[in-house]
Amino acid sequence: MATRTWVPSGPYDLGRTLGVLARGPGDPAYQVAADGSVWRASRTPDGPGTLHATARDGEVRAEAWGPGADWLLDHLPALLGGTDDPGAFTPRHRLVHQAHRRNPGLRLARTGLVLESLIPSILEQKVTSDEAYRAWRLLLQRHGEPAPGPAPRMRVMPDPRGWALLPSWEWHRAGVDGKRSATIVRAARVAARLEEAATMDERPAAARLQAVPGIGPWTAAETLQRSNGATDAVTVGDLHLPKIVGYALTGRRGMDDSAMLDLLSPYAGQRHRACRLILLTGVAPPRRAPRFSVNDIRAI
């Protein structure tokens, strides 16, 4: 076990900052303990590693295990939002101002790991969140490896070769259709090139990811928000986000991507942060239709 301590400047909220990395309840690679500490299992350039972070008395203490332990600790400040500058954000709407004031400890995490965020984002394409979370959970349970150290029944995702060699029936057993599985396989085959995007500026990084067929603006934004802590990577093409942002800022229903981007234009350079704050308010248009049913292709 190796340890490291990071002291944030100003208020800090560990759960809000890292919570965006969890892929639903029961994520085998992310758990929150009863004391609020966070466990993460990652595949780093040095191999698998487990990180346990605890925020207490104005500092964050982290412990790490496995071949990737040193890499995880070296990148700890960026993961915890130490490279993020929340002072660069200026609220332009009353609701956003209130959310900003109520969440002073929010930082944008930067994992530095592209494939770790890209694969679950691909799994979330065109399906309900529950379907995507189930697929991620089943794939890691069946094809991941046990997380190093005392992690509570956690799993590290497969390496790129492992993803590329998964047979078609294993994707089917996890409820993943051929289009999404083929995109993941294509991404795994050029994983080294995609991982370089973690050190690139937002626009060229998005272009690098979208060079892979099957990865569009939605998937690229969802990935870079986590791997790069991209402050302006607003998610376009989402079924719900334009409606939520539009309703929260104007009280009107039925907004599309174009209208959302117009509303977010005062936050140019910080549009992702603005969306995060809006989502934290919980303000959303009243539901008028039942939820989408969860499909399960495994029985086909």
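Q: Leaving aside its neighbours within four places in sequence, which residues is L209 in contact with?
A: The model is predicted, so local features need pLDDT of at least 70, side-chain atom pairs count only at pLDDT 80 or more, and totals for chains, interfaces and linings use all residues. Residues are numbered from 1 along each chain as its sequence is written, and side-chain values use heavy atoms, with hydrogens and water left out. Contact means heavy atoms within 4.5 Å. On that basis, the partners of L209 are V114, L194, A197, I215, A220, T223 and L224.

Q: How many residues does the largest nonpolar core have?
A: Such a core is a set of buried (under 20% relative accessible area, 1.4 Å probe, protein chains only) Ala, Val, Leu, Ile, Met, Phe, Trp, Tyr and Cys residues joined through side-chain atoms within 4.5 Å. L209 is among the residues with the most contacts inside the largest one, together with L118, L123, L139, W163 and W171. The number of residues in this core is 43.

Q: Which element supplies the largest share of this core?
A: Helices (H or I, at least four residues) and strands (E, at least two) are DSSP runs, numbered from the N terminus. Elements that each supply at least two core residues include β3 (38-44), α6 (129-143), α11 and α12. The largest share, six residues, comes from α5.

Q: Around the axis of α14, how wide an arc do its buried residues cover?
A: In α14 (residues 257-264), the buried residues are A259, M260, L263 and L264. What covers them includes α13 (241-250) and α15 (271-281). Taking directions from the helix axis to the C-beta atoms, these residues lie on the same side of α14 because their arc is only 135°.

Terms used
Buried < 20%, exposed > 50% of the residue type's maximum accessible area, 1.4 Å probe, protein only.
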